[in-house]
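Here is a short report on a protein and its ligands.

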Amino acid sequence: MALIPLRVLLDHAAENSYGVAAFNVNNMEQIQSIMEAAQETDSPVIVQASRGARKYSQDNYLRHLMLAASELYPNIPIVMHQDHGNSPETCMSAIENGFTSVMMDGSLEADGKTPASYEYNVDVTKKVVEMAHAKNVSVEGELGCLGSLESGMGEAEDGHGAEGELSHDQLLTDPEEAERFVAETGVDALAVAIGTSHGAYKFTKAPTGDVLAMDRIEAIHKRLPNCHLVMHGSSSVPQELQDIINQYGGEIKQTYGVPVEEIQRGIKSGVRKINVDTDNRMAITGAIRKILMEKPSEFDPRAYLTPAREAMKKVCIDRMVAFGQAGQASKMRAANLV
Ligand SMILES: O=C(CO)COP(=O)(O)O
Ligand SMILES: O=C[C@H](O)COP(=O)(O)O
Ligand SMILES: [Zn+2]
Ligand SMILES: [Zn+2]
């Protein structure tokens, strides 16, 4: 099946009240994990690549890997999405490389670090919507900066994200502004800031409503009942994945992620796309550490990449079931959407 635009998938998700995980990829094994999980659970999927991922994997490899995925799994609707595009140029080059959806993250300036003005954000996002829609490609925008309501800091941890201290106003998307932003830009989906951040270190204890503002999602959904909302930084950072890494020589400090039940609450209030990268990274790392510690004489990459692929696949299946996308691929086909 040819890749489909994000909008088609999220419209179906809204009509049928489910959410869709958007998993980040950098290589063949990660794409294989997602596709096997999709096949086993009959799930439509969103595969996304950051700018760093595109640089690491190279656009030509990535394009052909996605083509292979669509050939191998003709029954699975697949969206190929640019994660955190920093400029219209980045989004355009993604479109030229076969992506069916792009994120123009105009909440930050093109350096990916400096919080941008509302006007700048509208300007670049609108530009991307115009050129993307002309090519049947969907657009995700972002309003508000990801970062911690616990520390008040932006999240430059993994090279993308606001640097330094941010005000509460910057860390929480304003519902009234969100309504204006969607009307002015015409985005297909909107990423909102509610206290989540990328990476493993999101919360120092199990999050409560003051640091993970799910009520903000509900307030935004009230104003924008027909807009597809996106949650970034939504790995759950399960204890067992922290433990396995540490058991086999890793050093992950105790940390807490976004509980799956909170995401399920969000899905009831318009959240349709849920970004998950860290959990898969941790699953892969734990599996590789285990093999290399247990079998120090091993040096065939397949010996550790096969269990790594399995470990990521398990995370993907868990999220696909929890978010409700499992079982929806055949329904999309039955509805002639793909
Ligand atoms: O938001 C993400 C990618 O855009 C990923 O978030 P995590 O780091 O929580 O997996
Ligand atoms: O934006 C965050 C995603 O987890 C991708 O991370 P990355 O930029 O290190 O590829
Ligand atoms: Zn962002
Ligand atoms: Zn993100």
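The sulfur of C91 lies 17 Å from the closest cysteine sulfur, that of C145, so the two are too far apart for a bond. A disulfide needs its pair of sulfur atoms within 2.5 Å. The structure holds zero disulfides. This is a predicted model. C91 counts as buried, at 0% relative accessibility. C316 is also buried, at 0%. In general terms, a disulfide is a covalent bond between the sulfur atoms of two cysteines.

**Zinc sites**

Which residues coordinate the zinc ion (ligand 4)? The donors are H84 through NE2, H198 through NE2 and H232 through ND1. Their distances are 2.0 to 2.1 Å. In sequence, these donor residues follow the spacing H-x113-H-x33-H. The site links distant parts of the chain: H84 sits in strand β3, while H198 sits in the loop between β6 (189-192) and α9 (214-223). These two histidines are 114 residues apart. Both H84 and H198 are buried.

The zinc ion (ligand 3) has D105 (OD) and E142 (OE) as its donors, at 2.1 to 2.6 Å. This pair also connects distant parts of the chain. D105 belongs to the loop between β4 (101-104) and α6, and E142 to strand β5. They are 37 residues apart. D105 is buried, with a relative accessible area of 3%. E142 counts as buried too, at 2% relative accessibility.

How far apart are the zinc ion (ligand 3) and the zinc ion (ligand 4)? The separation is 5.7 Å.

**Ligand 1**

The shell around ligand 1 has 15 residues. The closest are D83, K202, S235, D277 and T278. By class, the shell has one nonpolar, eleven polar and three charged residues.

| Residue | Atom on the protein side | Distance to an oxygen atom of ligand 1 |
|---|---|---|
| H84 | polar side-chain atom | 3.2 Å |
| D277 | polar backbone atom | 2.6 Å |
| T278 | N or O atom in the side chain | 2.6 Å |

How much of ligand 1 does the protein cover? On its own, ligand 1 has 310 Å² of accessible area, and the protein covers 97% of that. The elements that give two or more residues to its shell are β3 (78-85) and β8 (271-276).

**Two positive phi angles**

Most residues other than glycine have a negative phi. N136 has a positive phi, near 60 degrees, and is not a glycine. N136 lies in the loop between α6 (118-133) and β5 (138-143). V237 is not a glycine either, yet its phi is positive, about 45 degrees. V237 lies in the loop between β7 (228-231) and α10 (239-247).

Is each of these residues buried or exposed? N136 is exposed, with a relative accessible area of 57%; the cut-off for exposed is over 50%. V237 is buried, with a relative accessible area of 3%; buried means under 20%.

How values were computed:
Residues numbered from 1 in each chain as written. Chains lettered and ligands numbered in written order. Predicted model: local features only at pLDDT ≥ 70, side-chain atom pairs only at ≥ 80, totals over all residues. Heavy atoms only, no water. Near = heavy atom within 4 Å. Polar contact = N/O pair within 3.5 Å; in protein donor to acceptor, adjacent residues only side chain to side chain. Areas by Shrake-Rupley, 256 points an atom, 1.4 Å probe, with all protein chains shown as cover. Helix = DSSP H or I, 4+ residues; strand = E, 2+ residues; numbered from the N terminus. Nonpolar A, V, L, I, M, F, W, Y, C, P; charged D, E, K, R; others polar. Donors = N, O, S within 2.8 Å, 3.2 Å for Na, K, Ca; no water. Buried < 20%, exposed > 50% of the residue type's maximum accessible area, 1.4 Å probe, protein only.
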